[in-house]
Structures are given as structure tokens and as C-alpha cells.
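Please consult the sequence and the structure shown below while reading.

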Amino acid sequence: MDEVEKLLEITEELVELTKRSKDQHRDRDQVIQKIEDLLAKREELTKSMNPPFTPKEKEAGRKIVQLNQILVEQLKQIKQEIQHDIVKMKAQKEMAKKYMNSYANATIDGIFYDKKK
């Protein structure tokens, strides 16, 4: 199998993995690790590819470009989901902190001084 076909195969696997990752919130760390490994393999293959390409390889290259656009969108969605989860986790942490130490930020709006003697 030549490099372009390997690259196409890895890109297809990445697209499928990112589609399935939406359903796998519990195993997200493992899925992200697998995505990173595949992206590293893909990067190595792109660096080692040298022209000229055959018509079959050019067709595979066009398909790779189309799949890459889909992959970029799916990776953006995964990133947004992770960022949303981080914001949600920070809010939960802040609420827990406020609950545990509810009188730390007591306001002094209700205090007045009586000047009469």
C-alpha cells in the first residue's frame, strides 16, 4: 500500500472516530489519545510523500481533502464540547465553594451606626 492510500485510510479512520466520539463521553480521554496518535501518523505520512502522483493517487488526494474538511469541523465540535465541560466544571466548583463558605462574602448593607446618645 502506498503512502497516499495509507493517508486516506488514516483520514477515514479519524473521521469515523470523531463521529463516534460524540457518544463516548466517558471514554473521551482514550478517544482523544487515539485521535492524537492517528494525527501524528498522518503528519509523518504527509511529510514523507513526494510528487509526482499517479491519477489514482490524485483522486485519493481529492478524497482526502474532502474528508479533511469534515474532520476539521468535527474536531472543532469536540473542542467546543470540551470547553463547555470545562466552563461547567468551573461553575460547579465555584458553587460548591460558595456553599461551603457561605458567610465569607457577607455584605454589610444592613449595618448602620446609631449616632444618638
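What span should the 46 residues of helix 3 have at 1.5 Å a residue, and how far apart are its end C-alpha atoms? Helix 3 covers residues 55-100 and should span 68 Å; its end C-alpha atoms lie 67 Å apart, which agrees. The expected span is 1.5 Å times one less than the number of residues in the helix.

## Basis of the report

The model is predicted: local features need pLDDT of at least 70, side-chain atom pairs count only at pLDDT 80 or more, and totals for chains, interfaces and linings use all residues. Residues are numbered from 1 along each chain as its sequence is written, and side-chain values use heavy atoms, with hydrogens and water left out.

## Overall fold

The protein chain contains three helices and zero strands, and its pattern along the sequence is α-α-α. Helices (H or I, at least four residues) and strands (E, at least two) are DSSP runs, numbered from the N terminus. Of the 117 residues in the chain, 20% are buried. Buried means under 20% relative accessible area, exposed means over 50%, and partly exposed lies in between, for a 1.4 Å probe and protein chains only.

Among the contacts with a separation of 6 or more, 84% are accounted for by residues 24 or more positions apart. Contact here means heavy atoms within 4.5 Å.

## Helix 1 and helix 2

Two packed helices are described by the angle between their axes and the distance between the axes. The axes of helix 1 and helix 2 come within 10 Å and cross at roughly 160°. Helix 1 is therefore roughly antiparallel to helix 2. Axes are lines fitted to C-alpha atoms, for helices over the stretch in contact, and angles run from 0 to 180 degrees between N-to-C directions. Angles under 35 degrees count as roughly parallel, over 145 as roughly antiparallel, 65 to 115 as roughly perpendicular and the rest as oblique.

The crossing of these two helices, helix 1 and helix 2, is left-handed; that is, the near helix is turned anticlockwise from the far one by less than a right angle, whereas clockwise would be right-handed. Residues that make the contact include Leu7, Ile10 and Leu14 of helix 1 and Ile35, Leu38 and Arg42 of helix 2. By class, the contact of helix 1 with helix 2 has nine nonpolar, five polar and six charged residues. Ala, Val, Leu, Ile, Met, Phe, Trp, Tyr, Cys and Pro count as nonpolar, Asp, Glu, Lys and Arg as charged, and the others, Gly among them, as polar.

## Packing against helix 3

Helix 1 packs with helix 3 at an angle of about 25°, and their axes are 9 Å apart. Helix 1 and helix 3 are therefore roughly parallel to each other. Their contact, that of helix 1 with helix 3, has twelve nonpolar, six polar and six charged residues.

Helix 2 and helix 3 pack at about 145°, with axes 13 Å apart, and helix 2 passes helix 3 in a left-handed crossing. Among the residues of this contact are Ile32 and Ile35 of helix 2, together with Ile64, Leu71 and Ile78 of helix 3.

## Buried residues

Which residues of helix 3 are buried? They are Glu57, Ala60, Ile64, Leu67, Leu71, Gln74 and Ile78. Their cover includes helix 1 (3-21) and helix 2 (28-48). An α-helix has 3.6 residues a turn, so residues three or four places apart point the same way.

In helix 1, the buried residues include Val4, Leu7, Leu8, Thr11 and Val15, and what covers the buried residues of helix 1 includes helix 2 and helix 3.

## Two local features

Pro51 and Pro52 are joined by a cis peptide bond, with omega about 5°. Pro52 lies in the loop between helix 2 and helix 3.

Glu81 belongs to helix 3 and counts as partly exposed because its relative accessibility is 26%. Leaving aside residues up to four places away in sequence, Glu81 touches Lys22, His25 and Arg28. The C-alpha atoms of Glu81 and Lys22 are separated by 8.9 Å, although these residues are 59 residues apart along the chain.
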